[in-house]
Amino acid sequence: VMLTQTLPQDIFYAARFICPYNMSVDGLLIENTSAADNGEKVRLGIYNELAAGYPGSLLAAAAEITLTAAVGLREGAVASTALVGGTAYWLTMNTNAGTAWLCYDLTQPDGTANSRSGFAPWGAGVTAVATTSTGTAGNYIFRAFTYATLPDPWGTPTTGNSYCPVIGVREV
C-alpha cells in the first residue's frame, strides 16, 4: 500500500532495488507530499550490496535537493552510473527534517487498495524501487544518521518493517 507518511529526520533509509536489466541512470527521485515541507533538504544515493545483503559502498550520490512549497516528484542528478541487470543495489534517503513522503506501508499485505508490489512507474524512464509490501526483512533497512553528505560505506543497518520511502531511478 502506498500512502503519505512523515518520516523523521536523522534516519538513513535504504530500500533494496534489483535492477531489471542493464541500464545507466542519471537521476534519483522521491516524492514529497506536503507544501509545509518548504525549504527542507534531502539527499539520495545508490549503494552496492554486500555479500551479507546490506548496503556497502556508495556508487552515486545525488545533488542535495531543497524542497519548495510545490509538492510532487523531486529529482537529484547523479553522474551517469551503469547498473547491471539482475544485480541488487540499495537506494537511499536522508532528510534534515520530519518530512512527508510517498511511502510503501510494509505492514499491509499485497492485494489491498493502492498496493504497489514490484515496480511502480512515475513516468517514462523512471522506475520506483522494487520492494514488497509484506515487511520482508532485507528489503528495507534504516539506521540513525545525522543529516550530512552521504557516508561511504553505508554502515550498520537495522531491518525495517513499517514505512519505506518510494525512491526511483531515472534511466539515461
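**N94 and its setting**

Reply: From the N terminus on, the elements run β-β-β-β-β-β-β-β-β-β-β-β-β-β. That comes to 14 strands and zero helices. Helices (H or I, at least four residues) and strands (E, at least two) are DSSP runs, numbered from the N terminus. This is a predicted model, in which local features need pLDDT of at least 70, side-chain atom pairs count only at pLDDT 80 or more, and totals for chains, interfaces and linings use all residues. Residues are numbered from 1 along each chain as its sequence is written, and side-chain values use heavy atoms, with hydrogens and water left out.

Take N94. N94 sits in strand 8 (residues 88–95). Its relative accessible area is 0%, so N94 is buried. Buried means under 20% relative accessible area, exposed over 50%, and partly exposed in between (1.4 Å probe, protein chains only). A polar atom of the N94 side chain lies 3.4 Å from the backbone oxygen of F145. That is a polar contact: a pair of N or O atoms within 3.5 Å, where, within protein, one must be able to donate a hydrogen and the other to accept it, and residues adjacent in sequence count only if both atoms are side-chain atoms. Not counting residues up to four places away in sequence, N94 touches D10, I11, F12, K41, V42, R43, F145, T146, Y147 and A148. Contact here means heavy atoms within 4.5 Å.

Two of these neighbours deserve a word. D10 lies in the loop between strand 1 and strand 2. Its phi is near 60°, a positive value in a residue other than glycine. D10 counts as partly exposed, because its relative accessibility is 24%. V42 has T95 as its bridge partner in strand 8. In strand 6, the bridge partner of V42 is I65.

Now the strand pairing. Strands pair if DSSP finds at least two bridges between them. Strand 4 and strand 8 run antiparallel, joined by seven bridges. Strand 4 (residues 41–49) also pairs with strand 6 (residues 65–66), antiparallel, over two bridges. Four bridges join strand 4 to strand 5 (residues 55–61), again antiparallel. Y47 bridges to L58 there. Five residues lie between the strands of this hairpin, where G53 takes a positive phi near 90°.

Next, the packing. The largest nonpolar core has 32 residues, and L28, L44, I46, L83, M93 and W101 have the most contacts inside it. Such a core is a set of buried Ala, Val, Leu, Ile, Met, Phe, Trp, Tyr and Cys residues joined through side-chain atoms within 4.5 Å. Among the elements that give it two or more residues are strand 4 and strand 8. Apart from it lies another core, of eight residues, including F12, A14, I141 and L150. Buried residues make up 47% of the 172 in the protein.

Finally, confidence. pLDDT is the predictor's confidence in each residue, from 0 to 100. The protein averages 79, and 77% of the residues score at least 70. Strand 5 is highest, at a mean of 96, and strand 10 (residues 126–128) is lowest, at 41. Over residues 110–138 the pLDDT is below 50, although beyond near neighbours in sequence this stretch has 80 contacts in the model. Where pLDDT is low, the predicted coordinates should not be read in detail.
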